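Here is a friendly walk through a protein model, written for someone who likes to know how each value was computed. Please have the viewer open as you read.

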Amino acid sequence: MELFLDTADVSEIEQGLEWGMVDGVTTNPTLIAKQGKSYLPTVKEIAELVPGPVSGEVLATDYDGMMEQGRRLAELADNVVVKVPLLPEGLRAVKALKDEGIPSNVTLCFSSGQALLAAKAGAAYISPFVGRLDDIGHEGMELINEIVEIYSGSAYDTKVLVASVRNPMHVVQGAMLGAEVATIPFKTLQQLYRHPLTDIGLDRFLSDWAATGKTFDD
Ligand code: G3P
């Protein structure tokens, strides 16, 4: 499974890249707003930093506006993927952008029917929001299960990108279900590394050796 960071915070991206765990980045208007920076320059800065795909979202909601902004996002760097909301005009834009060689990530997906339409439109990625479904008492991972099943029996080449991730289990369950990508907050990346038995075990190894009074070279 590929791991993308769901952030517009450059310091988090730099740390994730240093650890060798970041295959791409997804941004959205909320994440960029949190940084207090300008929109397009932030997407460009991230795209120049990250070797893999970087999703930048259109702000327009009409077809012409999404096409214009989509083209401008794509011009920022070769690895930019245009994030488009799941609307009729959005999926129309996805199809037209694909015809121009520009890949899309369809965002705000909350049903398998929506995911089916996004694949028919030719989206490179579909982003089902599992955490926001959990938040309203639905089973977010069930949506991933349904989409993976629908796509696996078809000729679509749309990748399932687990989004709105809240915890490491969303990532693990997504991988078990066969989703190709998870986009995760930096905090979830940190949590994926951690296990209390790892810390306890390491403390014991080091204290046992320290008790001998010898060093690495003795
Ligand atoms: O970037 C889209 C998605 O991952 C947003 O997540 O945490 O705002 O529901 P969240």
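**Ground rules.** This is a predicted model, in which local features need pLDDT of at least 70 and side-chain atom pairs count only at pLDDT 80 or more, while totals for chains, interfaces and linings use all residues. Residues are numbered from 1 along each chain as its sequence is written, and side-chain values use heavy atoms, with hydrogens and water left out.

**The whole chain.** The protein chain contains eleven helices and eight strands. These elements are DSSP runs numbered from the N terminus, with helices (H or I) of at least four residues and strands (E) of at least two. Along the principal axes, the C-alpha atoms fill a box of roughly 70 × 35 × 30 Å. Of the 218 residues, 46% count as buried. Here buried means under 20% relative accessible area, exposed means over 50%, and partly exposed is in between, with a 1.4 Å probe and protein chains only.

Rolling a probe the size of a water molecule over the atoms shows where empty space is left. The search runs on a 1 Å grid over the protein atoms alone, and a pocket is an open set of points where a 1.4 Å probe fits, with protein on both sides within 12 Å along at least five of seven lines; lining residues have an atom within 4 Å of a point. Grid points are joined across faces, edges and corners, and a volume is the space filled by probe spheres set on the points.

The largest pocket has a volume of about 360 Å³. Its lining has 24 residues, and those nearest its centre are Asp-6, Asn-28, Leu-31, Lys-34 and Pro-185. Helix H2 (29–35) and helix H10 (186–193) are the elements that give two or more residues to this lining, with H2 providing the largest share, four residues. By class, seven lining residues are nonpolar, nine polar and eight charged. In this count Ala, Val, Leu, Ile, Met, Phe, Trp, Tyr, Cys and Pro are nonpolar, Asp, Glu, Lys and Arg are charged, and the others, Gly among them, are polar.

Helix H2 also holds Pro-29, which is partly exposed at a relative accessible area of 29%. Pro-29 and Ala-8 are 21 residues apart in sequence, and their C-alpha atoms are 9.3 Å apart in space.

**Salt bridges.** Side chains of opposite charge can pair when their charged atoms come close. A salt bridge is counted when a side-chain nitrogen of Lys or Arg is within 4 Å of a carboxyl oxygen of Asp or Glu. The whole structure has seven of them, including those in this table.

| Pair | N to O distance |
|---|---|
| Lys-37 and Glu-45 | 3.2 Å |
| Glu-48 and Lys-44 | 3.2 Å |
| Asp-135 and Arg-166 | 2.6 Å |

Asp-135 counts as exposed because its relative accessibility is 53%, whereas Arg-166 is partly exposed at 42%.

Glu-48 and Lys-44 are four residues apart in helix H3 (residues 39–49), so about one helical turn separates them. Glu-48 is exposed at 57%, while Lys-44 is partly exposed at 34%. In the remaining pair of the table, Lys-37 is partly exposed at 38% and Glu-45 is partly exposed at 34%.

**A nonpolar patch.** Met-169, Val-172, Met-176 and Leu-192 make a nonpolar surface patch of about 380 Å². Patches use residues with over 30% relative accessible area and no salt bridge, joining like charges within 9 Å and nonpolar side chains (Val, Leu, Ile, Met, Phe, Trp, Tyr) within 5 Å. The areas come from the Shrake-Rupley method with a 1.4 Å probe, and for residues only the protein chains shown count as cover. Helix H9 (residues 168–177) gives the largest share of the patch, three residues. Met-176 lies in this helix and is exposed at 68% relative accessibility.

Most residues other than glycine have a negative phi, and most peptide bonds are trans. Which strand holds Leu-108? Leu-108 is in strand S5 (residues 104–109), and its phi is positive, near 65 degrees. Leu-108 is partly exposed at 32%. Ser-164 has a positive phi of about 55 degrees and sits in the loop between S7 and H9. With 8% relative accessibility, Ser-164 counts as buried.
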